[in-house]
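User: I'd like to learn how to read the packing and the charged pairs in a model like this one. Can you walk me through it?

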Amino acid sequence: MFGSQVLEVVIGLTLIFLVLSIGCSGIKEVIAAIFSLRAKTLENGVRNMLQNGPNGFTAQLFAHPIIQATAPVGEKPSYISARMFAAALLDLVAPAQANQPRTLESLRAGVAQIPDAKLRATLLNIVDSANGDIEIARLKIEHWFDDTMARVTGWYKRMAQKIIFVAGLILCAAVNADTLMIVKELWTDQALRSAMVAQAGQKVQSTSPAESLNQGGSLRQLANEIRDINKPPIGWSRDSKDIRIWPGALEDQALKVLGILLTSFAIVLGAPFWFDMLNNVINLRLSGNPPPVRGVEPSSK
């Protein structure tokens, strides 16, 4: 009984974390779209690659027709393939001639004209290691771009985590998503635990992590998810006898702040993490009591 109760509390808490994570992911996507964070991060990554200011190779590269074609008119792209980058960069360094194909010698001559010493040295090293083959040089430029974009992806993920944490902190404070309070309510309320477990089972059976993010990435969906649960263990109350009020004692206020911070840090882990966790915990609970084998009578001994 005790073990089952612990699992039910974990399921309920995980479900709350999942729903809040989906909501914060939606907020992050809205912020990223409004401020064009992906496009700006990509541009900063390319500028760092080409090691120059806004009026150098980076601006010329993003003005290239191949790159411009990947984004709506007047906007900058949020994604560039390695092949597109290499093609645009080669056109800038050694423009193709109508009467003759681009050669490694023409590419080396074009690289020698680049004013930035670091970029010139990087590209000369690529040209010298191409063994006289222009296609090998192109592939090396593509690999260089892929390696840089791997680091840029890390930059964006860290920035996204900061946005999700701030959004989660504000959201948790607004809806009183206090981990310590949620655990206490789930532990003491059997009906609430049963309702949360039932809702969690439906969530796992009806969606996948990707579907959860696509279907639940809005505040409206977040409200619907929470409202579907009977008397969800979050929210503020004006009743002085209710656990959901802002506490008066200083110690209780510190615990309230700690509980909200715990929820905010949990949200940073992301909806896919909490979906997998919910799935694993539910499977663990279901496997705890295996059904009896039919056709086998219990021993009379």
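User: Which residues does Leu-123 touch, not counting residues up to four places away in sequence?

Analyst: Contact means heavy atoms within 4.5 Å. On that basis Leu-123 touches Leu-89, Val-93, Val-111, Ile-114 and Trp-144. Keep in mind that this is a predicted model: local features need pLDDT of at least 70, side-chain atom pairs count only at pLDDT 80 or more, and totals for chains, interfaces and linings use all residues. Residues are numbered from 1 along each chain as its sequence is written, and side-chain values use heavy atoms, with hydrogens and water left out.

User: How many residues are in the largest nonpolar core?

Analyst: A nonpolar core is a set of buried Ala, Val, Leu, Ile, Met, Phe, Trp, Tyr and Cys residues joined through side-chain atoms within 4.5 Å. Buried means under 20% relative accessible area, exposed over 50%, partly exposed in between (1.4 Å probe, protein chains only). Here the largest core has 33 residues, and Leu-123 and Trp-144 are among those with the most contacts inside it. Another core, of 32 residues, lies apart from it and includes Val-9 and Ile-282.

User: And the salt bridges: how many does a search of the whole structure find?

Analyst: A salt bridge is a side-chain nitrogen of Lys or Arg within 4 Å of a carboxyl oxygen of Asp or Glu. The search finds 10. In one of them, Arg-193 pairs with Glu-8, with the closest N and O atoms 3.0 Å apart. Both Arg-193 and Glu-8 are buried.

User: Is Arg-83 buried or exposed?

Analyst: Arg-83 is exposed, because its relative accessible area is 56%. Its salt-bridge partner is Glu-142, at 3.8 Å between the closest N and O atoms, and Glu-142 counts as buried at 12%.
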